[in-house]
Amino acid sequence: MNAVVFYSNTGQSKAIATYFANQLGYPLVDIETKCAEHYRNLVLVFPVHCQNIPDIVKHFLKNVSVENLTAIATYGKMCCGNVLYEIQKNYQKNIVAGAYIPTKHSCIDNDDVFCDFDKLKHIVEKVKEPSYIQIPKLYKNPLADVFPKLRSKLGLTIQKNADCSGCNLCAERCSFGAIKSGKTNSNCIRCLRCVEACPHQALKIKLGLPLKVYLRKKKTQEVIIYT
Ligand SMILES: Cc1cc2nc3c(=O)[nH]c(=O)nc-3n(C[C@H](O)[C@H](O)[C@H](O)COP(=O)(O)O)c2cc1C
């Protein structure tokens, strides 16, 4: 079977996955629903988290067999790490295309979303006429692999304000049982899905100083495509 499978918390990866699903006529499948174990052509779209592949995507890749994989990583214009190379090295050799796509950073309010969809046409063509490629290794900060989850925890906190109506939609949307009535617990990976989901904008993020300084760094707008 063919599909576009996506993992997305704040909608950026989902928007790109939707583009591919529409262009290719493939079903659009949320990685958190029951996915197939085998795909002929699979387009996988997910965000870079702390320069790494999110755990849920690693788990999916470990349990799936794919004849032709197209792997698309969205990132918040800071650093995309080396996630596509890591996918090919550790999980799926059969990559036919890949891309790193700069999008709105989940932690930056007024950041620009990706809209240069014309740039992705080559990928659509390559999915239709697949042949295997080698993903090159990019520079990745060696510190990126040092306690990435802990760094994300220390980097920001999610705080509830007086606008909370107690509807608990945040808890319903959370994949990890990490929030209840607007209060996060130790399962929280700071994916910010709850912040996005709150209908009253009652959840706000508070950045720690190191992350605040880091996010002021020069951003990259580079779309990197491998076909
Ligand atoms: C926990 C977390 C870690 C992130 N780490 C990075 C990163 O290392 N480099 C980067 O450029 N963007 C990073 N981002 C930004 C996301 O990769 C980016 O906003 C992505 O497009 C969000 O996709 P989504 O809306 O589909 O979840 C991070 C976002 C979160 C929530």
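Switch to cartoon view: you'll find 8 helices and 10 strands, counted as DSSP runs from the N terminus (H or I, at least four residues, for helices; E, at least two, for strands). This is a predicted model, where local features need pLDDT of at least 70 and side-chain atom pairs 80 or more, while totals for chains, interfaces and linings use all residues. Residues are numbered from 1 along each chain as its sequence is written, and side-chain values use heavy atoms, without hydrogens or water.

Now zoom out. The C-alpha trace spans about 55 × 35 × 30 Å along its principal axes. Color by burial next: 47% of the 227 residues are buried, meaning under 20% relative accessible area with a 1.4 Å probe, protein chains only.

Next, select Ser 106, Asp 109, Val 195, Glu 196 and Ile 205. Of the 16 residues lining the second largest pocket, these are the closest to its centre. The pocket holds about 360 Å³ of space, a volume filled by probe spheres set on the grid points, joined across faces, edges and corners. (On a 1 Å grid over the protein atoms alone, a pocket is an open set of points where a 1.4 Å probe fits, with protein on both sides within 12 Å along at least five of seven lines; lining residues have an atom within 4 Å of a point.)

Highlight helix H7 (193-197) and strand S9 (203-207), the elements giving two or more residues to this lining. S9 gives the most, with 4 residues.

Notes:
Buried < 20%, exposed > 50% of the residue type's maximum accessible area, 1.4 Å probe, protein only.
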